[in-house]
Amino acid sequence: MVHASPGTDARRVLQLLLAATWLLDGLLQYQSFMYTQAFGQMIGGTAAGNPGVIADPIRWNAALVAHHLVLLNTVFATVQLLLGLGIAYRPAVRVALAASIAWSLGVWWFGEGLGGVLSGGASPVSGGPGAVILYALLAVLLWPAGRPGVTAPSVAFRAVGAPAARLLWLVLWGSLAYFALTPANRAPQALHDMIVSMTGGEPGWVTWLESQAAAVLAHQGLTASIVLAVALIAIAAGVFLPPPLARSALILALVVAAFIWVFGEAFGQILAGGATDPNSAPLLALLALAYWPPATAGPRARRPQADGPPAMAAGQAEGSAMDAAPGKP
């Protein structure tokens, strides 16, 4: 799916897309909403349902942000801009990717409450297990290890090797399938209510899209969860299949990511003015591109030869050589 022109490294293209996402995050963090007390309250809300050892540091962080809101939010936004610029600047890419892993893990805990994984609230439709942990995973898979010209089954396999990359993919998509089937997500009105909750502050056309999806899923939580889980399991297994079938699974991953982003995440709620990032779906799509198998080499250029079957061509070639032999009348 990622077609690089001659002289362009596909991994570098994906690194630049990751850099652009970090830059977007930084710009979103500068929104006026983030300089209100609602930002600290949003952070504190992620502590709900988590064990005390996880929740207490989140509450401490929320209180700290509330008391130093302007300073800390500006720092948060600037750090994300610097991460994006660092990844985009080739000499700094290793340092920036390493820093992005550390930053992502910290935000996943202190800002996202581990994406609801331990609280039972993680849902693949609303962004579970947390968008920011996917930044860390992408940084690992896009790490500039090896030579750009080395052939590998996919970009994701070049830094960590095929077995580890396949395991990471399996864990991610397998966990999404598990979250889709948790009691909180398979309740009759779970998906309906989740989608309706995304409509606040959205433009009219987004609200209409969400309302239509919610109406279709009304009282269909269990059925929808099973269908989604089956699709996610097929995606998880896809990277273990031959390239043609793997591509089909990756196309399914892109379709599922698009569905989640439009109907489950309301385009990351960017248009509502309260988003800190585009949410998980665009990152899932970027991961699918990182695992995309390279196109097989085309057939070798045919050497000039006489028309007809191989035997006939060989005979003609032999005859031409005899015609050129010395002493032939």
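Reader: What makes Phe157, Trp169, Trp173 and Tyr291 a cluster?

Author: Ring pairs link Phe157, Trp169, Trp173 and Tyr291. Rings of Phe, Tyr and Trp (its six-membered ring) count as a pair if their centres lie within 6.5 Å. By this rule there are 11 aromatic pairs. One of them joins tryptophan 109 and phenylalanine 110.

Reader: Before we go on, what sort of model is this, and which pLDDT do local features need?

Author: It is a predicted model, in which local features need pLDDT of at least 70 and side-chain atom pairs count only at pLDDT 80 or more, while totals for chains, interfaces and linings use all residues. Residues are numbered from 1 along each chain as its sequence is written, and side-chain values use heavy atoms, with hydrogens and water left out.

Reader: Why is the pair of tryptophan 109 and phenylalanine 110 called stacked?

Author: A pair of aromatic rings is described by the distance of the centres and the angle of the planes. Planes under 30 degrees apart count as stacked, over 60 as edge-to-face and the rest as tilted. For tryptophan 109 and phenylalanine 110 the values are 4.9 Å centre to centre and 15 degrees between the planes, hence stacked.

Reader: What makes α13 and α14 antiparallel?

Author: The chain has 15 helices and 0 strands, where helices (H or I, at least four residues) and strands (E, at least two) are DSSP runs numbered from the N terminus. The axes of α13 and α14 come within 8 Å and cross at roughly 170 degrees. Axes are lines fitted to C-alpha atoms, for helices over the stretch in contact, with angles from 0 to 180 degrees between N-to-C directions. Angles under 35 degrees count as roughly parallel, over 145 as roughly antiparallel, 65 to 115 as roughly perpendicular and the rest as oblique. Therefore α13 and α14 are roughly antiparallel.

Reader: Which residues of α13 and α14 meet?

Author: Contact means heavy atoms within 4.5 Å. Among the residues that meet are Leu250, Ile260 and Trp261 in α13, and Pro282, Leu284 and Leu289 in α14. By class, this contact of α13 with α14 has 12 nonpolar, no polar and no charged residues. Here Ala, Val, Leu, Ile, Met, Phe, Trp, Tyr, Cys and Pro count as nonpolar, Asp, Glu, Lys and Arg as charged, and the others, Gly among them, as polar.

Reader: How do you know the direction of α1 against α14?

Author: Helix α1 (residues 10–29) packs with α14 at about 170 degrees, the axes 11 Å apart. That makes α1 roughly antiparallel to α14. This contact divides into 7 nonpolar, 1 polar and no charged residues.

Reader: What makes alanine 266 stand out in phi?

Author: Most residues other than glycine have a negative phi, and most peptide bonds are trans. Alanine 266 has a positive phi of about 50 degrees although it is not a glycine. Alanine 266 lies in the loop between α13 and α14, and at 0% relative accessibility it counts as buried.

Terms used:
Buried < 20%, exposed > 50% of the residue type's maximum accessible area, 1.4 Å probe, protein only.
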